[in-house]
Amino acid sequence: MRTISGTVKDSSGIPLGGATIKVKGTEIASSSDSTGHFKITLPAKNKMLVISYVGMDEMEVSITDQTVIEVRLGIARTLLEDVVIVGYGKQKKESVVGAISQTTGKVLQRAGGVSNIGAALTGNVPGVITIQGTGMPGAEDPLIYIRGQGTWNSAGPLILVDGIERSINGVDIGSVESVSILKDASATAVFGVKGANGVVLITTKRGVEGKANINVTVNSTIKIPSRLPEKYDAYDALTIRNMAIERELGVSPASWQDYTPQAIIDKYRNPANAQEAQQYPNIDWQAESLKKMAMAQNANINISGGSNFVKYFTSVDFLHEGDIMKIPNNGKGYKPGFFYDRLNIRANLDFKLTRTTTLSSNVSALYGKRQDTWSGFEYSWYQGIYGLAPDLFYPVYSDGSFGYYPLDPVSTNNPSHILSNNGVRNTKTTQMTTDFILTQDLSALLKNLSFKGSYSLDNTFVAQGGQFDDGSAIVKWIAPDGRVQYRNTAGPNQFDYILPQWSVRADAFQNGQTRRRRVYQLQLNHAIKVGKHNITSMGLFMRNENAVGSSFPEFREDWVFRTTYNYGNRYFAEVNGAYNGSQRFGPDYRFDFFPSAAVGWTLTNEKYMKNISWLSTLKLRASYGLVGNDAVGGNYLYLTQWSYGGQARMGDNNANSPYVWFRENTIGNPDIHWETVAKANLGMDFTLFRGLLEGSLEFYRDHRTDVLISGSQRAVPAYFGGTPPTANLGQTIVQGYELELKFNKTFNKQRDIRLWANIAMTHAKDEIIDRDDPKLLDDYLKQAGYQIGQYRSQLRAGYYNTWDEVYGSSIVDQNDNNKLPGNFNLIDFNGDGVINNFDNVPYAYPERPQNTYTASIGFDYKRFSIFVQFYAVNNITRNLTQTNFAAALNSVFKQGDYWTKDNTDAVSPLPRWKSRLYSYGDFFNYDGSYVRLKTAEISYTLNPSWLKRTGMQSMRLYINGNNLLFWSKMPDDREANVGSSNFSGQGAYPTVRRINFGLNLSL
């Protein structure tokens, strides 16, 4: 017998208190104290210690002559990698045969101050495509696609939080344990009519047995407006206008009256005094409307631990998102702006009621307050920031009045005026989610049989209120000749106008946003092992009731099964099925069955592969199955709907009939049913050189049939007399591949020097097979054969460089007489001699990338770590129309050099002033490809002795950032024309770069 002492630390060198040290093959055990130290008595015959710690890899240490040892444990693969969360359960990674990718909450927390889980997923999971279009606080949700877009209807994935369909915004990142992305039929078929677009499974953290662990995380984030379209100032814009006038005099002699003398142009750049500066303004609207930076803060505290009876995880998370808009003081007593505050509270508890019975509860609450304005024309101030002319007016004059342009007040909205005088609208969201889960081991009846029953109740309430203001303000215009003109005048001297008072609007519940969901599930699980044969089975019944506002509840019912087979960790098979019922369809189509099957083969577990030392694992997978989509845009499309109102005109005097009409308003289709996707997937997983390199390769094909087409989009002639019924007539195919590679190299025995890299690429291309196109249309005018959302435009073939080319060109159906050398030469695609809408042809790609790439590289040295992540996309097109001198205003965008007779390869034609150009063709369709430095982080972990005396185990300091650098041909860095406005193609709340300073304390 001898005594062995030592220290247990993690890979960063932080001592681990509460680690278990056990003599292998015996019951002799000890544990480490708060400093990681331990002592244990080792019998003479035993020479092996087993060291374990919750969340860490177990390690075996061989003892020879040493009496003092140091052990460093790595993060447990069994928790973060070797166990994969699947639909209604979990599986060991080695037995998974479906296409499932998984990441952890720890990875998402490195996203550089990003608070939205959807945005944090960008670049961290292969197969997931996210598209960001706005930086509006509280409305930054990106579009999420899994393996592309296979329908023109609802194409977003099913999102489940702890197994229940919930909003992705209802969970703070600090509470996330893992996120699984289910992609193929074997993974999604158990969700039946909800799984066709893929599934996102978010699993929150739970407690583990052991002492209480307290973690405190504080983040302070600097938000900086990112790239916006560049414009010329007033001096340059007027100079270019003069050039345009000179150029177009031959077709528009009237333009000469707008020619500006150079002496006047000089006043815009070099005014003689303050009065002249107001008469000849030169405003940079982006600088006047946007702050250089704004702040966001996030604080999270969570406590986890447990005993034999109860395990717990509790957390409180607070988030504040600041506003980058520069809004002047309106002098009205309220402060407008765009802010978002959110409070999340969560308590996940597991009670061991008996040796075989566990009762769990998940309770979470969210309170969010989003502040914006009551303006119903949100796009108007976006438009001002993006394209307002610099020479019109001041944002705010020295007397407090706001600038306006009386000659065209509609096209010249003053962002400062709109943002300052449309009140404060507070949208308050209160959400409560509860799960109660009872798990019962039924091995007394049948070995390895268990039962799980759950009841979930979610409630969401949304209320709006605040200070209502109708936008009234004192506004004026100072003309170049010095005249002052006010918009609002009253009284004999026109100076008696009094501003209307703003009013308080009490909070009012928003009926269409109030939701209630009730779900209950009954589930049986069984596992059996006979020799090398391992068989598991699962059966589940679920009923889902969902109600929105005062509408009737919507019901769904699921009967699900799954059976898996594993022979000696070599051969795998899985069969899934879901028999689903949805109230959205008529009685004849309310239920359907969605099956899937998958097989796998781990070649490296074959005897004849054991001698290949460089090949650690090689596994082949294949799956095929059917999955549905019931998100078809309404609950009663199968019913004909009638409306009441209107009267017939009768008699010579056109008097109304006394009888009110009942009329057929919507024609129902009793054969409406869900979309069905046949998903096929081939996959390969491999590990080389004992874990130095691992990866996966997937090929997939989704064939979607019965895609819903609304009546207004069907090829039915107008003489039908009404809007045709919606029908399941569409068909699409999405196919592509995914590649993921991971490199991990540790350089010393202490495992405290590590270099790692993750590289992934996703290709997803969709094609419309049938969308009920008119049969007599030329193929290039049909949607079939092209991608969903395919851009179409007239095509350019250089310029008209001479008058001979102008005279010999095809006729344009609009403004043909305005042709000049230096205009775009458009292609008469159909050869009919006229350029018109029939020459709009498929151009490039839709506003959704076919290819996404990500590369993450990191280095860890003891307690220091650094990593960077690049994210890129290509094969994407984005339209951003920026017409120079639009509405006869002096807005000129920087779009490259202009055509001249000596520069016929220029980027852009010389703009027009009064003579409108007939078409710019595809000029405003930009290559939407880009590369981002998406995330970068530097961190250092402290654990000196003085820190221990304060009761803290460790302190981690870090600086990280998001969207730090951006390379693209696009004028701004919005990834698509999406946002909180219906006119997002004209602009949006700018996206931001984030630089985050963080502190994490472990107590």
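## Strand pairing, helix packing and cavities in a predicted model

Strand β34 (residues 641-650) and strand β35 (residues 655-666) pair in the antiparallel sense over seven bridges; two strands count as paired if DSSP finds at least two bridges between them. Strands (E, at least two residues) and helices (H or I, at least four) are DSSP runs, numbered from the N terminus. This is a predicted model, in which local features need pLDDT of at least 70 and side-chain atom pairs count only at pLDDT 80 or more, while totals for chains, interfaces and linings use all residues. Residues are numbered from 1 along each chain as its sequence is written, and side-chain values use heavy atoms, with hydrogens and water left out.

| β4-β1-β7 | mixed | β4 (37-42) and β7 (68-73) |

In the β4-β1-β7 sheet, each edge strand pairs on one side only. Neighbouring strands of this sheet are turned by 30 degrees against each other on average, direction ignored; the axes are lines fitted to C-alpha atoms, for helices over the stretch in contact, and angles run from 0 to 180 degrees between N-to-C directions. Strand β1 (residues 2-10) runs parallel to β7 and is joined to it by six bridges. G6 stands opposite I69 in β7.

The bridge partner of F402 is V475 in β25.

The axes of helix α5 (residues 234-248) and helix α6 (residues 262-269) come within 8 Å and cross at roughly 155 degrees. That makes α5 roughly antiparallel to α6, a term for angles over 145 degrees. By class, their contact has five nonpolar, three polar and three charged residues. Here Ala, Val, Leu, Ile, Met, Phe, Trp, Tyr, Cys and Pro count as nonpolar, Asp, Glu, Lys and Arg as charged, and the others, Gly among them, as polar. On the α5 side, A234, Y235, D236, L238, T239 and N242 meet Q262, I265, D266, Y268 and R269 in α6, where contact means heavy atoms within 4.5 Å.

A cavity is a set of points, on a 1 Å grid over the protein atoms alone, where a 1.4 Å probe fits but cannot get out; lining residues have an atom within 4 Å of a point. Grid points are joined across faces, edges and corners, and a volume is the space filled by probe spheres set on the points. The count comes to eight cavities of 30 Å³ or more. About 120 Å³ of space lies in the largest cavity. Its lining has 14 residues, of which Y88, L160, M542, N544 and R556 lie nearest the centre of the cavity. By class, this lining has eight nonpolar, two polar and four charged residues. At least two lining residues come from each of β13 (158-161), β14 (164-165), β29 (533-548) and β30 (554-567).

Conventions
Angles under 35 degrees count as roughly parallel, over 145 as roughly antiparallel, 65 to 115 as roughly perpendicular and the rest as oblique. On a 1 Å grid over the protein atoms alone, a cavity is a set of points where a 1.4 Å probe fits but cannot get out, and a pocket is an open set with protein on both sides within 12 Å along at least five of seven lines; lining residues have an atom within 4 Å of a point.
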